[in-house]
Amino acid sequence: MKIIKVTDEQAGGKAGFEIFKEALENGAKTFGLATGSTPLTTYAEITASDLDFSKATSINLDEYVNLSTDHDQSYHYFMNENLFSKKPFAQSFLPDGNASDLAATTKAYHEIIENHPIDLQILGIGQNGHIGFNEPGTSFTANTHVVDLTDSTIEANSRFFASRDDVPAQAISMGIAEILQSKQILVEAFGKNKAQAVKNMIEGPVTEDVPASVLQNHDNVIVIIDEAAASLL
Ligand code: GLP
């Protein structure tokens with residue numbers, strides 16, 4: 001893993017932007033995208049730039065189940081708001097959390113990923129070490145699947161909803177096996193509440209109890225962390 005330490009989230013956004021720019025200049029065609037607060041500064045740098053993604057494909061990591069795409073906490077809404085409306089891609093895929101047949105949807109999403117190999121995947125990390133919505137205990141061999149969110153993730157994400165009860169109990173997530181097939185992976189983490197997860201990801205044993213630890217097995221991972229997130233290393 002290549003570790004880039006930055007002073008704060010703003011500097012992290014600039015560093016993340018440089019990774020996207022370089023990938024695009026090197027011919028990357030498919031970008032794996034993440035939601036959450038972590039990639040926001042990188043997306044802000046991208047939207048303020050003249051980088052052109054109009055010939056590129058994006059594939060998002062995850063989406064809640066049973067949340068309307070126009071709900072302001074749906075990842076469809078998030079991506080339109082923070083990236084796609086300002087920086088359109090030729091095509092953008094997100095899991096369909098409202099599909100009547102979720103099994104068919106996850107299978108179709110796997111095929112989308114197979115047909116569009118991801119050149120650069122950006123990831124945030126959950127406080128419990130999750131990536132995408134792959135919670136602790138998820139098999140490293142899993143492809144896109146329906147996830148029961150853990151209490152800690154529901155709690156962490158409840159800050160974005162009117163109440164804890166409004167947080168969906170399930171999500172669709174790209175699987176760890178698919179994430180690992182990305183040619184390059186960029187992990188970003190900012191703030192003290194990510195310090196333990198960052199330590200476990202980088203220094204801990206590779207274990208399904210800490211999904212992000214699997215990234216130690218990938219040969220092209222860049223980690224951008226601020227001082228607070230790096231404080232336990
Ligand atoms: C969420 C998302 C993840 C994200 C993580 C951290 O539950 N499913 O993709 O990386 O949790 O979120 P944040 O960046 O807001 O801290």
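Student: Which helix does Thr42 lie in?

Tutor: The model is a predicted one. In it, Thr42 belongs to helix H2, which covers residues 40-47.

Student: Why is Thr42 called buried?

Tutor: Buried means under 20% relative accessible area. Thr42 has a relative accessible area of 0%, so Thr42 is buried.

Student: What does Thr42 touch, not counting residues up to four places away in sequence?

Tutor: Contact means heavy atoms within 4.5 Å. Leaving out residues up to four places away in sequence, Thr42 touches Gly12, Gly13, Gly16, Phe17, Phe20, Ile122 and Glu188.

Student: What volume does the largest pocket have?

Tutor: The volume of the largest pocket is about 670 Å³. Its lining has 35 residues, and the closest to the centre are Thr35, Gly36, Ser37, Asn157 and Arg159.

Student: Which element supplies the largest share of the lining of the largest pocket?

Tutor: H5 does, with 4 residues. Strand S4 (62-64), helix H3 (75-84) and helix H5 (151-157) each give at least two lining residues. By class, this lining has 13 nonpolar, 17 polar and 5 charged residues.

Student: What makes Lys2 and Glu22, in the lining of the second largest pocket, count as charged?

Tutor: Asp, Glu, Lys and Arg count as charged. The lining of this pocket includes Lys2, Glu22 and Asp119, so these residues fall in that class. The lining divides into 5 nonpolar, 3 polar and 3 charged residues. Helix H1 (residues 9-25) gives the most to it, with 3 residues, and the pocket holds about 180 Å³ of space.

Methods: Residues are numbered from 1 along each chain as its sequence is written. This is a predicted model: local features need pLDDT of at least 70, side-chain atom pairs count only at pLDDT 80 or more; totals for chains, interfaces and linings use all residues. Side-chain values use heavy atoms; hydrogens and water are left out. Buried means under 20% relative accessible area, exposed over 50%, partly exposed in between (1.4 Å probe, protein chains only). On a 1 Å grid over the protein atoms alone, a cavity is a set of points where a 1.4 Å probe fits but cannot get out, and a pocket is an open set with protein on both sides within 12 Å along at least five of seven lines; lining residues have an atom within 4 Å of a point. Grid points are joined across faces, edges and corners, and a volume is the space filled by probe spheres set on the points.
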